[in-house]
Amino acid sequence: MTIADIIREAALDPHVSSSADECLKCNVCNTVCPVLRVTDLFAGPKYEGPQAQRFRMAGGQQIQGPASTHVASPDHSVDYCSGCGWCTTACPAGVKIAEMNNQARGRLREGKRPKLRDWGLGQTDLTGSLGVAFSPLANFVMANGPIRALIEATIGIHRKAPVPKWAKRSFRSTWKRRGGETGASASLPGPDKAIVFFHGCAANYYEPHVAEAAVAVLKRNGFETIVPEQVCCGLPLISNGLYDEARERACTNTKVLAGYARAGYRIIGTSTSCTHTFKAEYEEMLDLHDDDTKVVAGATWDICEFLLDLHDQGRLDTGFGRLDEDLPYHAPCQLRSHGIGLPALDLFALVPGLRATDMDHDCCGIAGTYGLKREKYDIAMKVGAPLFEKVKASGATTAACDSETCRWQIEVATGVRTRHPVEILFDAYAAGDAAR
Amino acid sequence: MPHADVVVIGAGLAGLTAAARLAEAGAAVTLVAKGHASTHWGAGGIDVAQPDGARTPAEGVARLAALDAHPYAFLGGDVEPAVAWLTKHLAASGLPYVGTLETPIRRVPTAIGGTRRVAIVPDAQSAALAPWEPDEILVVAGPAGYKDFWPAAIADSLARESVWQGADRPTRVVGVAVELAGLASRNNLNALELARRFDDPALRADDLDRIARAVARVSGGRRGRVALPAVFGLDGHAETWAETRARLPLRPFEVPLVPPSIPGIRLWRALRGRIRAAGGRIEVGEMVARIEVEHGRVIAVEMEAATRSHRIRTDAVVLATGGIAGGGLVATGEGELVEPLLGLTVDAPAFDDWLLREALDPAGHPLEAAGVRTDHGLHPLDPATGRAALANVLVAGAMLAGQRALRERCGDGVAIASGWRAAQELLPDTTRTPVGQGPLATRIES
């Protein structure tokens, strides 16, 4: 092997952990980190990522074996990374900083019993279905100050953290009751006439109206919806360092969805973080490289990405009516990781009268489950503060955002109702119909 | 797939200038970049041309323009209007610059106690440009414990005549480290943290008070100036700097530091703001994977994305991806220098000439001048035909062949002039023969 071969091979190495070798120590990542901007508890992506990585590597390999703290990371401060991904975006050298930090967080917890809270925050299907089953009681409990204080003291979920209300009925059960297609029919509409919908936990347990809006908007554009069996995408587990459990979820999902993907169906989600998990994190974070994972990743679309693609082909129904309103829009971090631009803004531009404005703020702070945690709530609120100010100052009564946890964060912090872009499009179609 | 009149690739000075000019003129422009670029690494000034012997940037441009392979041979006339245009816009964004092409090139202090030659700098660095009067003292002041700026060491070095290389200099130099509230226990203080600290009006008031007292104490009532690390505010820089000037007993100037460069980030933010305000789009963190060409024209740019690529259809591309350092040109193991996106022909020395006998040979390195040759309209040349290789691709910035930016200090000037020129070529211009007469021209006129 020549030196040139070694250099070439190193350049082609796709692994997250060894991308640390590309770091120039230029500090650009630190300039964009929203967490570093507001707290000293986090040492910044450069130190936590490529700098600390040398303690985690030996002979070009990640150090294996029982992960004692000093092997996994020099200290625990990497736990304060929110995983927003801005560092990876800004890096001019292609270092996968956020991914590196996420893996380091996972390793910090390896072989230890997870905190009840972190485990619980990962169990979104369990908390979702229990909450829906007892929704009046569950919603009362979560809205009750003293009980929330107790939860904060015992479990560690901050009393003011934005928790959504459980729906009275899950989207799935409504869908089944209505006789909606679950993939069981003998003759399914073909992949040019139907899509596979991944509702994820948010649209299933908390915001069935988002799922309904998506189904209606897709139908309007000639696509039936198939809602096959599915479980949580696993992202909350990944964020809380529970990789093995996340892998189980991933395999359950890809086993079902891969069949559709191979038949040419597109898998569409309203949760931009679930769709990104399918597209990238199963492979990058969970090290799943099987065919099912790959074919599902290739078939997955964020709903706005899909609708904009339809428009590009001249196939989007643009019979939008007038929505005469200001609409502050926040582009969530997870959407940026898709690398698809801001499709929601392009779609909003098609709606007459709608004045959508990009709030142009890095992060709302919540970062999935990060901002719910007692020790991180204040950081999350500080990270999002300029966004909240801008949204409030806009004077608008509605805001839009593609990610559920960001919507809840913005809504609680500003008092401004925050909706999924597809709900806005649904309204625009309705306005169009009403005008006719 | 979205459509842009022009896709600008690269977020350095060339790309930012091109995108800002295009957006201002009403073109639908999208700037894509794999990450942040030279702005975050540079000193924030505008180095136009400083070859040996030039007394002003204008003289420097004239000397370089006389070399026939240098970009200034055909861009020389654009430097003045381009820099004037850019600095006008920066001033309007609250980031005024001082100096023109006629400003004498002068030696100013650096953060390691050396000197460097500049002429056009941000206002906050400008007090360093004035000639030193015989009775002037230079006080070097900075936060105690800040590892990127050691006032005592800097002062010690600047007190040596040799550092100034014959230029006029302060007769007395004193360093003073100032304890700022709450920073004593900080081991990892960086420029960004300090800049954000100065953005906070309450902390700033106390910090400036401490610095003012320390400067008054060591200067002992003498006339002079004070050198400070370039950390005086980021978003609130204009306000912070006005207050700093008012509060300190001597005229202050900022000294740029190691990356991340606060003056550079101010520049990036100002230009980003101009582009966005004019309706342009900026997508940072998107690596261009492929540029689609059909019948000798670019039709779309494809970025790497999770799973499928993100495509933008376009009528023209400004390629401002940089030279070897920026990744616009890539050296292969086989000793070839390639332009990876379009496979443009790169003018480069033979592999045997890549390795010199002398490290840091004062004569320079032959790879410095490597790059892509273009026609006068910045279209990359096909050496086989001697004509433009692609009709709607324009090359700007460090990728242009013939510049030796390290020794000629012409990188910023070439970037701004070529970025501006690229925009002019693509815009219909009633004052010149229009070159860009594609759909873009029609759309903007209508």
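This is a predicted model: local features need pLDDT of at least 70, side-chain atom pairs count only at pLDDT 80 or more; totals for chains, interfaces and linings use all residues.
Residues are numbered from 1 along each chain as its sequence is written, and chains are lettered from A and ligands numbered from 1 in the order in which they are written.

Let's stay with chain B for a moment. Along the principal axes, its C-alpha atoms fill a box of roughly 70 × 50 × 45 Å. Its secondary structure comes to 11 helices and 19 strands; these are DSSP runs numbered from the N terminus, with helices (H or I) of at least four residues and strands (E) of at least two. Of its 446 residues, 53% are buried, where buried takes 20 or more other C-beta atoms within 10 Å of a residue's own, exposed 12 or fewer, and partly exposed falls in between, with C-beta atoms placed from the backbone. Take the contacts between residues at least 6 apart in sequence, and 70% of them join residues at least 24 apart; a contact here has C-beta atoms, placed from the backbone, within 7 Å.

Now for some helix packing. The axes of H3(B) (residues 72–92) and H10(B) (residues 411–426) come within 8 Å and cross at roughly 90°. Those axes are lines fitted to C-alpha atoms, for helices over the stretch in contact, with angles running from 0 to 180 degrees between N-to-C directions. H3(B) and H10(B) are therefore roughly perpendicular, the word for 65 to 115 degrees; under 35 counts as roughly parallel, over 145 as roughly antiparallel and the rest as oblique. On the H3(B) side, the residues that meet H10(B) include Leu75(B), Val79(B) and Trp85(B), and among their counterparts in H10(B) are Ile416(B), Trp420(B) and Arg421(B). By class, this contact has 10 nonpolar, two polar and two charged residues. Ala, Val, Leu, Ile, Met, Phe, Trp, Tyr, Cys and Pro count as nonpolar, Asp, Glu, Lys and Arg as charged, and the others, Gly among them, as polar.

H3(B) has another partner too: the buried residues of H2(B) pack against H3 and helix H9 (405–408) of chain B. In H2(B) (residues 57–65), Pro57(B), Gly60(B), Val61(B) and Leu64(B) are buried. They cover an arc of only 100° around the axis, which puts them on the same side of H2(B); the arc is that of the directions from the helix axis to the C-beta atoms.

Ala388(B) is partly exposed, with 18 other C-beta atoms within 10 Å. The C-alpha atoms of Ala388(B) and Val61(B) are separated by 26 Å.

Finally, chain A. Its secondary structure comes to 24 helices and 10 strands. With a radius of gyration of 22 Å, close to the 22 Å from the globule rule for 436 residues, chain A is as compact as a globular protein of that length. Where the two chains touch, 27 residues come from chain B and 29 residues from chain A. On the chain B side, helix H5 (191–199) and strand E11 (281–284) are the elements giving two or more residues.

Notes. The radius of gyration is taken over C-alpha atoms; the globule rule is 2.2 Å times the number of residues to the power 0.38.
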